[in-house]
There are 2 protein chains.
Amino acid sequence: MCHFSRNTTQDTRDRLIETARQLFLKKGYTATGVAEILQKAGLNAGSLYHFFASKEDLLLAVLERYKELLGPLVLQPVYERISDSVERVFGILDGYRGMLLETDHEQGCPIGNLALELSTTHPAARKVIAENFTGWRNAVADGLREAAGRLPAGLDMDQLALFLLTLMEGAVMLARAYRSIEPYDAAVAQLRDYFDRLLSNGTSRSTPRPAARANRQKKRGRRNVRV
Amino acid sequence: MCHFSRNTTQDTRDRLIETARQLFLKKGYTATGVAEILQKAGLNAGSLYHFFASKEDLLLAVLERYKELLGPLVLQPVYERISDSVERVFGILDGYRGMLLETDHEQGCPIGNLALELSTTHPAARKVIAENFTGWRNAVADGLREAAGRLPAGLDMDQLALFLLTLMEGAVMLARAYRSIEPYDAAVAQLRDYFDRLLSNGTSRSTPRPAARANRQKKRGRRNVRV
DNA sequence: GTCTATAGAAGGATAGAC
DNA sequence: GTCTATCCTTCTATAGAC
């Protein structure tokens, strides 16, 4: 805010946002108390209410932070590892899979988490949540456009990206509810099947389908999801 | 509980469950206060804690109630109106669509609502939520099996039902976050497209594709979601 | 800018009369 | 079984010293 702010100022603010982010992710917004945030951040109430007008204001900062984190946290790690534009999509989905596994199926998509909890009751948060979704959709649609040559002509990449987000969010929800990765893997398998068909119908068949195919498939008997 | 319970006993208990159900649906579990439930039900704290050990215990009763309501509330109204087994699936999806529209996109699937809010923090609730999902999946899979003749041989109906649930839950979440029916309609359109292809690949092509096709499509330019 | 202390409201749950 | 009254905790937010 002030023009010559010290380092520590930004540090404290950042620490609050980051701590709140982690707690909201793990327990949700309402279930996370301000006291808990302060304790974990090693700060006191005075600091929080110096930077933020309210707990909800802190939530908005967290959601803004997520918009900034889309690139560095969700996209870049995948894009560095994978160059094929279709496989990059599955790499992104694999990121959420890893998150589910690492947290024993307690955490999936941070935004989806907050979306259902707050959409009805917190209009300001709902707006930034929607912006996060839109950012994700646009990034994925851009990625898909790089594979446009291999995909059927006339395919709407924006619609396909929305479809991917819808499926991913639903799959994360079910994985958490069942405390099992199975519903998530089933959704990805369905999607893989869908893409296989898209690619075999593509106008320019020159580019061969990448071999990374079987990578992420589990050993389950899910092979019979054919069309 | 007691063997010769009066009518009013069951009435009070039911009223508590039903009132809590509506409030949990609209505002979520944590955001709904016990006092609010009591006020809306026209009862006092003594009554609630006579029948339920805690607020969470009441939640479990609500979730059990939802399991009983799957038939009468979700399936039967659709099955009475629609006889074609494939169209029945889309009829069920249309039910959730209607719920979104009626509530100005505030309410979608009651179970999905509670799933993300409580899966991490309330193990007992999570279990009954998963049971609700399983009930839905089984019912829809049974419905799909009636259309087995028209669908490709070897298609796994249980997997397909899971796919439908995943997509529906994701679509409801996005519709709520965007306060718009568009993401929901887009998901259903994608699904319709998917089924069209399934049906045209079916082993027994004798049964003609029902004409109800264009019914639920909005006037949006979503026709280009082809494959 | 950060601290301690605390206000003030709302939360879930209980006690005991009827 | 239902009522009223209330306990105790937790919550967000504020006041004022440093």
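In this predicted model, the C-alpha centres of domain 1 and domain 2 of chain A lie 27 Å apart. Domain 1 covers residues 1–52 and domain 2 covers residues 56–204 of chain A; the bounds come from an automatic or database domain assignment.

**Basis of the values**
- Residues are numbered from 1 along each chain as its sequence is written, and chains are lettered from A in the order in which they are written.
- Local features need pLDDT of at least 70, side-chain atom pairs count only at pLDDT 80 or more, and totals for chains, interfaces and linings use all residues, while side-chain values use heavy atoms, with hydrogens and water left out.

- The contact (heavy atoms within 4.5 Å) involves 17 residues of domain 1 and 18 residues of domain 2 of chain A.
- About 1,500 Å² is buried between the two domains of chain A, with carbon and sulfur atoms giving 62%; buried area is the accessible area (1.4 Å probe) that two parts lose on being put together, summed over both.
- In domain 1 of chain A, Arg21(A), Leu25(A) and Tyr29(A) lose the most area to domain 2, together 46% of what that side buries.

**Charged pairs**
- Three salt bridges are counted between domain 1 and domain 2 of chain A, each a side-chain nitrogen of Lys or Arg within 4 Å of a carboxyl oxygen of Asp or Glu.
- The side chains of Lys26(A) and Glu106(A) form a salt bridge, at 3.3 Å from N to O.
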